[in-house]
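Me: I want to know where the labels on a structure come from. Please take my questions one at a time.

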Amino acid sequence: MARQLATPEAVFAAADALVAEGIAEPSVKQVQERTGGSYSTVKPLLEGWAAKRRSEASTVVLPPEIEARGREFVQGLYAHAVRAANAAVAEPLAQAQDAQKKAEGRLAGAEAEVQRLEAV
């Protein structure tokens, strides 16, 4: 007799039933006993069920006032980080700009000297 094929619906229902019975993490074997599916069919379906369950558990709806205060906090934190980053690069940027001006001055002097020597 052919082995019974476990469907996603059957695996999910069996896993939900096991959780309702107090089993926090249903095993492949426990689900197989209820669905009759093979290990290679049940295991990926059970992993999908567990991933969906973790995803749903981590989704929390925040009250609007908490969300607004959190947004204000994150915006303030980001603004502080931007100011700190700008302050950290201000001095090296000024030094680089100063070095660029000096190099441009030396280049202009060298070009003037080349023109003078070419005229001689």
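This is a predicted model: local features need pLDDT of at least 70, side-chain atom pairs count only at pLDDT 80 or more; totals for chains, interfaces and linings use all residues.

Me: How many helices and strands does the protein chain have?

Reply: The protein chain has four helices and zero strands. Along the sequence, the pattern reads α-α-α-α.

Me: What share of the protein chain counts as buried?

Reply: Of its 120 residues, 14% count as buried. The accessible surface comes to about 9,400 Å². Carbon and sulfur atoms hold 60% of that surface.

Me: Why is Ala14 called buried?

Reply: Ala14 has a relative accessibility of 8%. Buried means under 20%. Therefore Ala14 counts as buried.

Me: Where is Ala14, and which residues does Ala14 touch?

Reply: Ala14 sits in helix 1, residues 8–20. Leaving aside residues up to four places away in sequence, Ala14 touches Val31, Arg34 and Thr35. Take Val31: this residue is 17 residues from Ala14 along the chain, and their C-alpha atoms are separated by 5.9 Å.

Me: Why is Gln32 called buried?

Reply: The relative accessible area of Gln32 is 16%. The cut-off for buried is under 20%. So Gln32 is buried. Its place is in helix 2, residues 28–35.

Me: Why is Ala10 called partly exposed?

Reply: Ala10 has a relative accessible area of 30%. Buried is under 20% and exposed is over 50%, with partly exposed in between. So Ala10 is partly exposed. Ala10 is found in helix 1. Ala10 and Gln32 are 22 residues apart in sequence and 10.0 Å apart in space, C-alpha to C-alpha.

Me: Why is Pro44 called partly exposed?

Reply: Pro44 has 45% relative accessibility. Exposed would need over 50%, and buried would need under 20%. Therefore Pro44 counts as partly exposed. Pro44 belongs to helix 3, residues 39–58. Pro44 and Val11 are 33 residues apart along the chain, with their C-alpha atoms separated by 10 Å.

Me: Why is Gln115 called exposed?

Reply: Gln115 has 57% relative accessibility. Exposed means over 50%. So Gln115 counts as exposed.

Me: Where is Gln115, and how far is Gln115 from Ile66?

Reply: Gln115 is in helix 4, residues 64–119. Gln115 and Ile66 are 49 residues apart along the chain. Their C-alpha atoms are separated by 71 Å.

Me: What share of the contacts join residues at least 24 apart?

Reply: Take contacts between residues at least 6 apart in sequence. Of these, 53% join residues at least 24 apart.

Me: How far apart are the mean positions of the positive and negative charges?

Reply: The protein chain has 14 positive and 16 negative charges. Their mean positions are 5 Å apart.

Notes. Residues are numbered from 1 along each chain as its sequence is written. Side-chain values use heavy atoms; hydrogens and water are left out. Helices (H or I, at least four residues) and strands (E, at least two) are DSSP runs, numbered from the N terminus. Buried means under 20% relative accessible area, exposed over 50%, partly exposed in between (1.4 Å probe, protein chains only). Contact means heavy atoms within 4.5 Å. Accessible areas come from the Shrake-Rupley method with a 1.4 Å probe; for residues, only the protein chains shown count as cover. Lys and Arg count as positive and Asp and Glu as negative; His and the chain ends are not counted. The place of a charge is taken as NZ of Lys, CZ of Arg, CG of Asp or CD of Glu.
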